[in-house]
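User: I've got a model open and want to go through its helices and sheet. Can you take me through it?

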Amino acid sequence: MILVTGGAGFVGSNLVRFLAQAGYECVILDSLTYSGHQGNIQDLINSKEFVFVQGDICDFELVDSLFSKFKFTGVINLAAESETNSSLAGPRAFLETNIIGTFNLLEVTRKYWSALNDIAKKKFRFLHLSTDEVFGALGDSGKFFEQTSYSPNSPFAASKAGSDHLVRAWHQTYEIPTIITYSSNNYGPRQSPEKLIPKMISNAFQGKFLPIYGKGLNVRDWLHVEDHSRGLLLAFRNGKPGESYCFGGDSERTNIHVVTTLCSILDQIKPRPGGVKYADLIRFVADPPGHDFRYAVDSGKAERELGFNCEIKDFEEGLFQTVKWYIDNMAWVNQMTKAKELF
């Protein structure tokens, strides 16, 4: 049995499906704030292999009780406040969840792991999901890799950097078998509606403007969430304690390219009345503070040491399938949008 924190969120709800296929039993711990949604995992938690607990990783007693009850063989920590723009307006929640929450998990793990026998200690893993945003911004060339120096430019990125340093320190000091992973921008099913792709789809269907920061020239490397999930499973199974691994999609695109491509897909699948194009809704808005220009991630180490490889290599095809998923699941989008308004 493994503990998956944040398992009802975007990456988490996709990852737990891969864990199920791989034969793992999981306890999913999620506080169900703006990015977590129980509907993401409802089909799983009705099975005997999965247990869902609504709760916060900042609740030390709750986390401790779960370790005592389920005797975990590993932890995958995906729980985080992750919306960069929200961190600008209210950074405290990001510090509490991302730093204090991670500290709680590490301390409970340390107490539990220290009492295991040698065989169980060797099998145990603590996998911690970070973000490429901890590295700051790139120039016109180059990619982030595992030894890139940290240079966070937003409260969100700083809080994730802080949590990463705790994870590393608990390995160095207490020998907890931790692994840290980084990824480029994810896309795919079940992504929170404030993120670029689902937000553009939702706005387009409502006839709202499609806001793009600056001139839309900021560059992101896109990785399908299913490929990311495969990478996380490989890292959990085969990663070396104390190491870190980067997962990128090798699919750099400007934001304006992503949105105009998305609009073209919508024109094909669900055309607007009168032949009006979705791209007519695009509006450029001011850049937020700390908006990094370019991210790109080098997966070389993960490819060599873990056997990682993207199966969804064509971003435009992956985007087409993603748009189709949201069109086929608009009830989910509307439910998530309403849920977000509560927070």
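Analyst: Helix α8 is followed by Gly207, which has a positive phi near 70°. Helices here are DSSP runs of H or I with at least four residues, strands are runs of E with at least two, and both are numbered from the N terminus. This is a predicted model: local features need pLDDT of at least 70, side-chain atom pairs count only at pLDDT 80 or more, and totals for chains, interfaces and linings use all residues. Residues are numbered from 1 along each chain as its sequence is written, and side-chain values use heavy atoms, with hydrogens and water left out.

User: OK, the sheet. What's the strand order?

Analyst: The order is β3-β2-β1-β4-β5-β6-β10, seven strands in an open sheet with parallel pairing. Strands count as paired if DSSP finds at least two bridges between them.

User: Which strands stand at the edges?

Analyst: β3 (50-54) and β10 (244-247). Each has a single partner strand, so one side of each is left without a neighbour in the sheet.

User: How many bridges join β1 to β2?

Analyst: Four, between residues 2-5 and residues 26-30. Ile2 has Cys26 of β2 as its bridge partner.

User: Switching to helices. At what angle do α3 and α5 pack?

Analyst: About 35°, with the axes of α3 (residues 60-70) and α5 (residues 92-114) 10 Å apart. Axes are lines fitted to C-alpha atoms, for helices over the stretch in contact, and angles run from 0 to 180 degrees between N-to-C directions. Contact means heavy atoms within 4.5 Å. On the α3 side the contact is made by Phe60, Val63, Asp64 and Phe67.
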